[in-house]
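This report covers the model confidence, the sheet with its packed helices, and a set of helix contacts. The sequence and structure come first.

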Amino acid sequence: MKANANQIRAAIDAASPDIRLYLLHGPDESGAQEIAARLARTMGPDAERVDFEPSTLKSNPGRLADEAASMSLFGSARHIRISGAGDECLEAFTLLLDSERAGNPVVAIAPSLKATSKAVKLALGAARAMSFACYLPEGGDAEKLATAIAREQGLRTTGDTAARLANATGGDRAVMTRELEKLALYLDASPERPRELDDAALDDVGADLGDSEMSRAIDAAIDGRPDALGSELARLEEAGVSPIPVLRQLVRRLMTLAELQAEIEAGASPGTVIERVFFRERASTGRALRTWSAPKISEAIQRARLAERAIMSSANAGTVLAQSAIVAVARMAARQR
């Protein structure tokens with residue numbers, strides 16, 4: 001069944017035994033991770049978590065249903081998480097939903113799945129599944145999210161500080177949270193000791209580079225200019241910009257490129273298609289459409305997503321992982337020219 005944010009959170013908080021599969025699809029992987037973490041909190045600190053790779057379920061689809069019906073060795077609650085899920089998990093999801101019993105809930109994070117994919121359609125039509133589309137918050141929604149996270153840290157946004165945070169983090173929940181944690185520490189704020197968050201604090205602690213500045217690095221990557229990209233990445237690192245918004249913006253540009261290319265292949269005029277692109281990106285988009293092939297676009301998106309997931313894990317190389325992925329994209333473009 002289709003769920004909105006309130007419905008899926010309510011089902012998770014109630015630990016509804018009727019729901020076997022929570023399918024979180026769409027580009028906001030950080031938001032999906034937050035919902036998956038919510039399930040972990042509901043299951044309790046002693047719960048056992050079982051992780052599956054999509055490739056494992058593709059080769060052995062029955063394992064998911066088996067694990068969902070199995071008891072923990074320690075007698076505690078257990079839950080299952082799948083990261084990077086795609087249509088290769090379709091058979092595993094089908095067996096899970098059709099099995100006689102499955103007491104352990106499954107959450108599948110599927111950033112590359114679209115609403116038209118087979119796995120999403122399966123979840124939408126199943127009474128024992130919830131499908132939720134995760135999209136990056138934009139505009140006013142991103143500002144509301146920044147305000148809400150700030151409040152949790154004991155910070156009251158003032159003036160346009162919420163908008164600055166939303167722009168600087170690319171609407172990424174995880175990055176917003178980390179930035180606001182730093183700001184709360186700087187201002188000695190907590191829910192019990194709330195403080196006002198003003199522009200001065202952001203200037204002192206927060207990185208405030210907008211989309212237009214990050215776009216120079218993205219343009220260099222998509223154009224296939226590794227030499228120019230190096231200096232742009234160094235500038236962003238020196239300014240303290242988190243690598244996740246840069247990766248997110250790269251993925252958004254690549255996904256737009258894929259959609260435009262699909263329209264052209266279907267018979268649309270390149271000139272008409274490019275007219276819909278933001279005027280500052282038209283020249284680079286035109287060059288990219290002449291350079292990138294559909295399979296290479298898909299490979300580049302996958303590289304960026306894998307880097308983001310690696311950064312979200314513990315004890316990671318952070319900026320190095322992101323820079324390596326972005327440089328790899330630039331080299332792919334250079335080889336296609």
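Which strands does helix α5 lie across, and at what angle does helix α5 run to β1? Helix α5, residues 90–98, lies across β1, β3, β4 and β5. The angle between helix α5 and β1 is about 150 degrees.

## Model and confidence

The model is predicted. Mean pLDDT for the protein chain is 85, with 93% of its residues at 70 or more. Among the elements of the chain, strand β1 (residues 21–25) has the highest mean pLDDT, 95. The lowest mean, 80, belongs to helix α14 (residues 270–274).

## The sheet

Five strands form an open sheet in the order β2-β3-β4-β1-β5, and the pairing is parallel. At the edges are β2 (48–52) and β5 (129–133), each of which pairs on one side only. From one strand to the next, the twist averages 15 degrees.

β2 pairs with strand β3 (residues 78–83) over 5 bridges, in the parallel sense. Phe52 has Ile82 in β3 as its bridge partner. Helix α4 (residues 62–69) also packs on the sheet, where helix α4 touches β2, β3 and β4 (106–110). The direction of helix α4 makes about 155 degrees with that of β3.

## Helix α12 against α17

Helix α12 (residues 226–238) and helix α17 (residues 319–336) have axes that come within 10 Å and cross at roughly 155 degrees. Angles over 145 degrees count as roughly antiparallel, and α12 and α17 are therefore roughly antiparallel to each other. The crossing of α12 past α17 is right-handed.

On the α12 side, the contact involves Pro226, Leu229, Leu233 and Glu237. These meet Thr319, Gln323, Ile326, Val327, Ala330 and Arg331 in α17. By class, the residues of this contact are 6 nonpolar, 2 polar and 2 charged.

## Helix α13 against α17

Helix α13 (residues 243–265) packs with α17 at an angle of about 25 degrees, and their axes are 9 Å apart. The cut-off for roughly parallel is an angle under 35 degrees, so α13 and α17 are roughly parallel to each other. Their crossing is left-handed.

From α13, Pro243, Val246, Leu247 and Leu250 meet Thr319, Ala322, Ala325, Ile326 and Val329 in α17. The contact has 8 nonpolar residues, 1 polar residue and no charged residues. Thr319 and Ile326 of α17 take part in the contact with α12 and also in the contact with α13.

Key: Residues numbered from 1 in each chain as written. Predicted model: local features only at pLDDT ≥ 70, side-chain atom pairs only at ≥ 80, totals over all residues. Heavy atoms only, no water. pLDDT = per-residue confidence, 0-100. Helix = DSSP H or I, 4+ residues; strand = E, 2+ residues; numbered from the N terminus. Axes fitted to C-alpha atoms, helices over the stretch in contact; angles between N-to-C directions. Parallel < 35°, antiparallel > 145°, perpendicular 65-115°, else oblique. Left-handed = near helix turned anticlockwise from the far one by under 90°. Contact = heavy atoms within 4.5 Å. Nonpolar A, V, L, I, M, F, W, Y, C, P; charged D, E, K, R; others polar. Pairing = 2+ DSSP bridges.
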